[in-house]
Amino acid sequence: MPVAGENYGWYASLAFNAISPIFVVGDFFDRILNNPHFTYSSQMHRVSKLSAPLRPALLLLVPVAIALLAACTPDNNQSTFGTAGPVAKDQAGLFNFIFWIAAAVFILVEGAIVYIAIRYRRRSDSDKLPYQTHGNDKLEVTWTIIPILILVAIAIPTLTGIWAQQNGVPDDKGEVVFVEAIGHQWWFEFRYTDHEIVTSNELHIPVDRPVALKLESQDVIHSFWVPKIAGKVDMVPLNDNYMWMIGDEVGTFYGQCAEFCGIAHAHMRFRVIVDTEEDFQAWLAGMHTAPDTPSADSPAGRGKNLFAANCSSCHTADTTSPGSYARELSSQQARWNGWISDIENSSIVSAPNLTHFGLRSTLGAGIKEFTADTAQAALEEWIHDPSSVKIGTRMQKHAAVYDTPDGTANLSETEVSDIASFLLSLKPGSAPAGAVADAGGDADGEAIFASNCTSCHSTGDNKLVGPGLAGVGDRAGSRVAGLDEDSYLEQSLREPGAFVVDGFPAVMPEWSHLGDDSIDALVTYLKTLN
C-alpha cells in the first residue's frame with residue numbers, strides 16, 4: 001500500500017476517471033441514434049421529435065441534473081471546489097486541468113460521431129452499401145499519437161503534484177504541528193504529541209502553519225478526508241500512513257471518514273477548526289488548565305458523581321494535569337484490550353476523550369451541532385438514547401447503564417440533566433495551566449471512590465468491569481506473601497498491572513496522580529467495605 005494512501009493514488013486514476021466517460025457517452029450517442037424511439041423522415045432527411053415514451057424520462061433527467069450540479073457549488077461544506085488550503089488547491093487545479101482536456105476531447109469526438117452518424121446515415125431503402133475498406137495507416141497512427149500526447153500533458157503536473165505532496169511536510173512555512181489521528185468505529189481521536197493533549201472529533205490547527213498527521217486505525221480501515229483543506233488518506237490497522245495539510249483560512253471545516261467502516265460510517269465525521277495563532281495558543285493552554293470544581297449540591301456537582309459511576313470506565317474527562325496524557329494513552333489501550341477480549345459481553349470499550357467538552361460545538365462524532373442555547377437539550381437527548389441521534393454506537397451496546405429493555409439510559413430525567421450539566425461545565429478554570437483544581441477540605445476516601453472507581457467496581461459482591469469489593473480489606477492481607485492489606489491495596493492502586501484478579505481484564509489505570517493523601521484515604525475507605 002502506498003505511504004500516503006488515496007491522497008496520492010487519486011492523481012494516478014484521475015486522468016482515466018475524467019476521460020473514460022467520453023467513450024461511454026460516445027456509445028450512448030450511438031445507441032440513441034439507433035434507438036427505435038427515434039423516428040426519421042426519409043424525405044426531409046432530419047431527425048423528428050422524440051416519441052412519447054422518452055419525453056417523461058428526459059423531463060425527469062432535468063431536475064436530477066440540476067441537483068447533481070448543485071452539489072458542486074464551492075460553498076457546500078464538503079465541496080472540493082471551494083478550497084481553503086494549498087494541498088486542496090493543488091488537487092482542485094489538477095482536476096480542472098484534466099477536466100478541460102477531457103471536455104475538449106469530448107466535444108471533438110462526440111461532435112464527429114454525431115456529424116458522421118447524421119451526415120452519412122442511410123437515407124432510403126435504395127441507398128447502396130458504401131465501399132468497404134480495411135485499415136488506414138495514417139489515421140491509425142494519428143489516433144494513437146494524440147492520446148499519448150494528451151496523457152503526457154496530464155502526467156507532468158500529476159507527477160509533479162505527487163512529488164510535492166509526498167516529499168514530506170514543508171519546514172519553511174512555520175513550526176510544524178504534529179498530530180496523531182486515530183480512527184475508531186465510529187469517531188476520531190486526535191493526539192498532539194508535542195503538547196501532550198488528547199481530544200476527539202474536533203481538530204484545532206493554527207492558520208498558515210503546516211500540520212503533520214500520522215494516521216492510524218484501531219479497528220478497521222477508515223479514511224481521513226478534509227475536502228476543503230486536504231485530500232483523503234486511508235487509516236489502516238497496523239500500517240501507519242502520513243499526510244500534511246495547511247489551513248490558510250480561519251474557520252471551521254468539515255471532515256469525514258471516506259472508507260466504508262460499518263453501520264455508522266456515514267455518521268463518522270469531525271471538524272477541523274483553523275484558529276488564529278493567538279487563539280490556537282490559548283486553546284493549547286486551556287487544554288492544560290483544569291476546570292473549576294463544581295459545588296457538590298449543584299447540578300454539575302451531582303453530574304460529576306453520576307458521570308464517574310456510569311461513564312468513566314470508558315470516557316476520560318480530565319487529561320489536563322502533567323502525566324495525564326500518558327495515563328490516557330495507557331487507559332485507551334487497556335479499554336481496547338478489554339473489549340477485544342470479549343467483544344460481545346465486554347462492558348468497557350475505547351471511547352472519546354471528553355476533556356473540556358464544554359468548549360465543543362458538536363456531539364456524536366460531528367453528527368449533531370449545537371449552540372450555547374441548544375447544548376443542554378442536545379446532550380440530554382444523546383445521553384438518554386444515543387440511537388436517536390446516531391445509530392450503531394458501542395456506548396449503547398456495551399455500557400451497563402443502557403442495559404434496559406428499550407436500550408435507553410437507566411437514569412431519571414434529573415440525572416440525565418445533571419450529567420449534561422457536568423459535561424458542559426468542563427472548560428478551562430481559574431487554576432494555573434497544569435495545576436489540579438483544589439476540591440477543598442481533607443481527602444475523603446468515599447468521595448474519591450465515588451468519583452473514580454464506581455464505574456468499574458461495586459461496593460458489594462456483584463461484578464462490573466472489575467470484581468466487587470465487599471470484604472476486600474480482609475482478602476488483601478492474604479493475597480501476596482509479605483504484603484499486609486495496606487501495602488497490597490496501595491500497590492494495587494499505584495501499579496494495577498502487578499496484581500490482576502483471575503478472570504478479569506487488565507484495564508485498570510494507575511492512580512498515583514491522585515496524590516499520597518488521596519490514596520491513603522482511599523485505602524482506608526476500602527478496608528471498611530464488608
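1. Ser512 sits in the loop between α13 (485-494) and α14 (516-526); helices here are DSSP runs of H or I with at least four residues, strands are E runs of at least two, and both are numbered from the N terminus. Keep in mind that this is a predicted model, where local features need pLDDT of at least 70, side-chain atom pairs count only at pLDDT 80 or more, and totals for chains, interfaces and linings use all residues. Residues are numbered from 1 along each chain as its sequence is written, and side-chain values use heavy atoms, with hydrogens and water left out.

2. Leaving aside residues up to four places away in sequence, Ser512 touches Leu493, Arg494 and Ile519 (contact: heavy atoms within 4.5 Å). Glu495 is 17 residues from Ser512 in sequence, with 8.4 Å between their C-alpha atoms.

3. On to the helix pair: the axes of α3 (residues 86-119) and α4 (residues 137-166) come within 11 Å and cross at roughly 175 degrees. Axes are lines fitted to C-alpha atoms, for helices over the stretch in contact, with angles from 0 to 180 degrees between N-to-C directions. So α3 and α4 are roughly antiparallel, the label for angles over 145 degrees.

4. Among the α3 residues meeting α4 are Leu94, Phe97 and Ile98, with Ile150, Ile154 and Pro157 among those on the α4 side.

5. Last, β6 (residues 222-225) and β7 (residues 232-235) pair antiparallel over four bridges (pairing needs at least two DSSP bridges). A six-residue hairpin joins β6 to β7, and Ser223 has Asp234 in β7 as its bridge partner.

Definitions and conventions. Parallel < 35°, antiparallel > 145°, perpendicular 65-115°, else oblique.
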